[in-house]
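Subject: Handover of a structure, with notes

Dear colleague,

Please find below the structure that I am handing over to you. My notes on it follow directly after.

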Amino acid sequence: MDIEVLVDREKIRYTAYHIVKAFFPEDKVKVTVKAQSKFIEVHIDTAKHIYIDNLDVARFILENNLYNSKISLNQDEVSLKSQFQEINKSIEENQIINNENSLEYNQIIDIVKKLDDKSIKYCCDRILYDRLVGFTGKKLPWGILTGVRPVKLISEIADGKDLVQFFENDYRVSKEKANLALHIARTEDEVLKKINVREGYSLYIGIPFCPSICSYCSFGSGDIHAYIDKIDKYIDILLEDLRETIRFANERNKILQTIYIGGGTPTSINEIQLERLLTGIDNICNKSNLIEYTIEAGRPDTLNEEKLKIIKTHNINRISINPQTMNSKTLDLIGRRHTPEDIKDVVILARKMGFDNINMDLIMGLPGEDIDDVKYTLEQIKEIGPDNLTVHSLSIKRASRMGEEKTAHENNIKVFNKKEKDNFSSSFALDKSSIKSFSNSQGEKEETVTNEISTMLDLAHEKADEMGLHPYYLYRQKNIAGNFENIGYATPRKEGIYNIIMMEEVGTILGVGAKAMTKVVLDKPVKKGNRYTNIIRDEEYKDIDLYINKHEDIFSRKMEMLKKYFI
């Protein structure tokens, strides 16, 4: 089914799309910005429509007493609150709504026309959500929240409020998710006491190579076999990038507090290259104030005793070994070239070598996996006993080719040629047709799949609790299956500090390497384009070859941004 959404302004396009898409994840949703009398029109099929206009917004404001705090005018006139109160004195709400010729009716429409875009967006989000609940008979766990960082909202809410009730009433978030967000916010507050937000910064180092490309991944990593002759050159340029970036930070007396080496799979480079990379980092960076040093060693087939010794020698105190599942059939299907036993063996080896902060990632909703498969994986993970466990929900993206890969796998057909394999991407993604393909019975409905993923997430939460791990950070993705979330669990005092800084945007992160993002967090918002923001971003080239060939342009652009904002 194709669903058409018309909106009258750009400001409400994004959330209108994602709210509708969350209710209809298997259907194509198209949003068009168009000058019209209504704020939103949703055409679900030829006979079913949803409209939101001035009158709907006026009714919504009156019913919810929003003129007290939630909305504001574009210009400084008599306060919105007093205008609404004057109208309420003279006429009941239903009379306003039903009597289009009344003075009060026209007054309220005039006020709505003066609302700023942010206020219109909030009202339309709520109205649209409530009407879709009525239309579909289902509720979304995160309500109208479509952003990546729901926990961040808590820090923006005034003290003294019942935060759970606030999330339930104002954002239609379920009580369970509201309590989860509040717990995580409090945990993050405690963890962040360890860092100097104003004078400190974190460093992200990107090594965008993998031994093979998993079918759910969209980080745009390169198959290391295609870049085997370019890795040394890449490391040379990355260290030059790092040297210039750290020099700039040192000149401003900034304090390096966390380092995160991510990818890709950084440990896919060979032992000599890994030693050279880590030695270069040691020589360039002042690590005297370093609180946390992480490397993603996600694939057990990229680790051995020598690499672990190198990592340990360079005082990296947190590693991530990511099975995603402990079911052999799924590992084979998603393109992993290792077994569950390999995962266990490498964790045992790491423990023997003294690594006491190990993270493991799992994905709920992988192709072909049912609740019993997830139960098995969780039991195996409990036996392994990681210090951190990050649980992802597979997201639904049209770009995914997992369904195509499954068909090819079953029929022994090659899907990718070498170039396609290098460039393949789809972020923790599952194509909508693939959901049906991977269901337990042909034609199983999306709602059943969503319910299964919900049960899987609940099982993961219960097992994490049994392991003594508590939720400490949370983020969401676009098109995430079932409107769910990704959660990081940790043993107390072993929470991933970089993860919190990155996700809640509470501290500056300087990025080096292909695909790396630099984010400078400012004390006060500045105007960028048509909006104010306290976060300035600069992304380096995602394409590995472009990063190698145009690195001078990248360095120059980043330095200009840092000179202006990183002070």
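Two strands are said to pair if DSSP finds at least two bridges between them. Helices (H or I, at least four residues) and strands (E, at least two) are DSSP runs, numbered from the N terminus. This is a predicted model, in which local features need pLDDT of at least 70 and side-chain atom pairs count only at pLDDT 80 or more, while totals for chains, interfaces and linings use all residues. Residues are numbered from 1 along each chain as its sequence is written, and side-chain values use heavy atoms, with hydrogens and water left out.

I begin with strand β14. Residue N486 in β14 is the bridge partner of Y475. Strand β13 (residues 470-475) runs antiparallel to β14, and five bridges join them. Strand β12 (residues 388-393) also pairs with β14 in the antiparallel sense, over four bridges; here V391 stands opposite I487.

Four strands form an open sheet in the order β2-β1-β3-β4, with mixed pairing. Because β2 (28-33) and β4 (48-52) each have a single partner strand, they stand at the edges, and one side of each is left without a neighbour in the sheet. Strands β1 (residues 2-7) and β3 (residues 40-45) pair in the antiparallel sense over four bridges, and L6 stands opposite E41 in β3.

Helix α6 (residues 117-136) packs on this sheet, touching β3 and β4, and its direction makes about 155 degrees with that of β4. Among the buried residues of α6 are I120, Y122, L128 and L132. Just after the helix, G137 takes a positive phi of about 75 degrees.

Where does V42 lie? It lies in strand β3, and V42 counts as buried because its relative accessibility is 0%. V42 is 37 residues from V5 in sequence and 4.5 Å from it in space, C-alpha to C-alpha. Leaving aside neighbours within four places in sequence, the contacts of V42 (heavy atoms within 4.5 Å) include V5, V20, I50 and L128.

A nonpolar core is a set of buried Ala, Val, Leu, Ile, Met, Phe, Trp, Tyr and Cys residues joined through side-chain atoms within 4.5 Å. The largest one has 142 residues, and V5, I40, V57, L128, F167, I281 and I319 touch the most other members. Helix α10 (residues 231-251) supplies the largest share of this core, 10 residues. Another core, of 16 residues, lies apart from it and includes V191, Y473, Y498 and I500.

Finally, a search of the whole structure finds zero disulfides (pairs of cysteine sulfur atoms within 2.5 Å). C210 counts as buried at 9% relative accessibility, as does C285 at 7%.

With kind regards

Notes: Axes fitted to C-alpha atoms, helices over the stretch in contact; angles between N-to-C directions. Buried < 20%, exposed > 50% of the residue type's maximum accessible area, 1.4 Å probe, protein only.
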